[in-house]
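Subject: Structure for you to look at

Hello,

Here is the structure I said I would pass on. My notes on it follow below.

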Amino acid sequence: MQETLSNEASSTTGACNCTGIRFCAKCRNTQRVQSLFSGAVPLSTAQAVIDKQSKEERLSSCSFATLGRSKYSCCPMCMEVFVSEVPLTMCAEHIELQSSSLRIDGLFVFENILTQEEETKLIEFLDNPSPFPPWKDSQSGRRKQDYGPRRNFKKKKVKAAEMPMMPLAFKPVFSAISAAVEKCTGVPYNVAEVSALEYCEGNLSNFDPHVDDTWLWGDRIAGLNLNANCAMTFVNPEGDSCDVFFPQRSFFLMSGDCRYKWMHGIRPVHVHERRISLTFRELSQEILSDKITADMVLTAASTFV
């Protein structure tokens with residue numbers, strides 16, 4: 001089963017940064033991308049990506065071209081999964097729906113972890129982050145900002161960033177995120193890296209299903225969904241897709257099975273207007289055992305300017 005590549009996004013011309021299985025509005029009609037969605041190119045399965053996540057021949061992601069439309073949705077209020085091709089936003093919407101045996105264990109969603117004023121200030125900083133680098137074009141119709149160490153996942157090397165410190169604007173957010181993660185898991189959470197991503201509907205912005213790196217990053221991945229509602233698609237080894245609705249200003253945590261046994265991604269059809277996500281990561285036990293590297297990363301992450 002394959003997902004149809006939408007043609008509803010506005011037409012955009014010019015070069016983009018997409019390669020391999022990735023696509024955006026600028027390259028969606030190229031032969032490379034059309035070959036993905038026509039089935040002409042062999043693509044990795046969900047099972048292969050999840051099975052190889054901690055192996056030397058690790059696969060970073062699979063393509064939405066291998067997946068059909070989501071048949072399931074997880075209610076963000078009760079966290080139960082139901083048969084639905086439309087993302088559920090509240091319990092009242094699944095009263096008459098068929099329940100599913102699927103469970104995304106380790107996933108937590110909380111609304112309004114930030115106030116509207118706090119969200120506005122945070123977005124204002126991201127749009128003018130001086131003296132930190134501004135938004136830069138990424139793949140899949142996204143723009144990004146990275147705050148944390150420089151890393152090479154293939155060579156497994158970590159270096160200090162050009163600006164080895166965190167913006168002062170992040171300090172209250174770190175406190176809120178760390179407290180929320182500890183409340184969910186009972187274990188203190190030390191932020192080591194922040195990744196900011198901007199999604200725009202007109203760019204066909206998306207993020208192919210993937211498992212965050214397991215060599216560098218630890219057991220818990222936290223996030224903030226800013227400026228717009230969105231839905232994230234979770235995919236298990238069998239290829240079952242389940243959508244989870246994230247309200248604007250919501251906090252989400254991926255841990256346990258959700259972290260390691262499900263991939264997560266953003267379909268372009270779930271991006272409306274401008275969406276900004278902040279992803280917070282902790283260090284893995286392997287990196288924490290390297291005291292010199294761990295101290296370098298965590299000292300930078302706890303220094304605000």
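Rings of Phe, Tyr and Trp (its six-membered ring) count as a pair if their centres lie within 6.5 Å. Please keep in mind throughout that this is a predicted model.

Aromatic pairs

On that criterion the whole structure holds 11 aromatic pairs. One of them is Phe110 with Phe251: the ring centres are 6.0 Å apart and the planes make 20 degrees, so this pair is stacked. It joins distant parts of the chain, since Phe110 belongs to strand 3 (residues 107–110) and Phe251 to strand 13 (residues 250–254), 141 residues apart. Phe110 is partly exposed, at 37% relative accessibility, whereas Phe251 is buried, at 0%. Phe246 and Phe252 also form a stacked pair, with 4.4 Å from centre to centre and 10 degrees between the planes. Both Phe246 and Phe252 are buried.

Ring pairs also link Phe125, Phe132, Tyr147, Phe170, Phe174, Phe280 and Phe304 into a cluster.

Seven strands form an open sheet in the order 3-13-10-15-8-5-4, and the pairing is antiparallel. The edges are strand 3 and strand 4 (136–137); each has a single partner strand, so one side of each has no neighbour in the sheet. Within the sheet, strand 5 (residues 142–147) pairs with strand 8 (residues 193–200) in the antiparallel sense, over 6 bridges. Tyr147, a member of the ring cluster, stands opposite Val194 in strand 8. Helix 3 (residues 116–127) packs on the sheet and touches strand 5, strand 8, strand 10 (217–226) and strand 15 (274–283). The direction of helix 3 makes about 90 degrees with that of strand 15.

Nonpolar cores

The largest nonpolar core has 31 residues, of which Ile104, Leu107, Phe234, Val244, Met254 and Leu283 touch the most other members. Two or more residues of this core come from each of strand 1 (72–74), strand 3, strand 8, strand 10, strand 11 (230–235), strand 12 (241–246), strand 13 and helix 7 (291–301). Leaving aside residues up to four places away in sequence, Ile104 touches Cys74, Phe234, Cys242, Val244, Cys258 and Trp262. A second, separate core has 29 residues, including Leu126, Phe174, Val194 and Ala301. Of these, Phe174 is also in the ring cluster, and Val194 is the residue opposite Tyr147.

Helix 1 and the loop after it

In helix 1 (31–38), the buried residues are Val33, Ser35, Leu36 and Phe37. Gly39 follows helix 1 and has a positive phi, near 85 degrees. Ala40 lies in the loop between helix 1 and helix 2 (46–51). Is Ala40 buried or exposed? The cut-off for exposed is over 50% relative accessible area; Ala40 has 56%, so Ala40 is exposed. Ala40 and Phe252 are 212 residues apart in sequence, and their C-alpha atoms are 36 Å apart in space. Phe252, as noted above, is buried.

Regards

Definitions and conventions. Residues are numbered from 1 along each chain as its sequence is written. This is a predicted model: local features need pLDDT of at least 70, side-chain atom pairs count only at pLDDT 80 or more; totals for chains, interfaces and linings use all residues. Side-chain values use heavy atoms; hydrogens and water are left out. Helices (H or I, at least four residues) and strands (E, at least two) are DSSP runs, numbered from the N terminus. Buried means under 20% relative accessible area, exposed over 50%, partly exposed in between (1.4 Å probe, protein chains only). Rings of Phe, Tyr and Trp (its six-membered ring) pair if their centres lie within 6.5 Å; planes under 30 degrees apart count as stacked, over 60 as edge-to-face and the rest as tilted. Two strands pair if DSSP finds at least two bridges between them. Contact means heavy atoms within 4.5 Å. Axes are lines fitted to C-alpha atoms, for helices over the stretch in contact, and angles run from 0 to 180 degrees between N-to-C directions. A nonpolar core is a set of buried Ala, Val, Leu, Ile, Met, Phe, Trp, Tyr and Cys residues joined through side-chain atoms within 4.5 Å.
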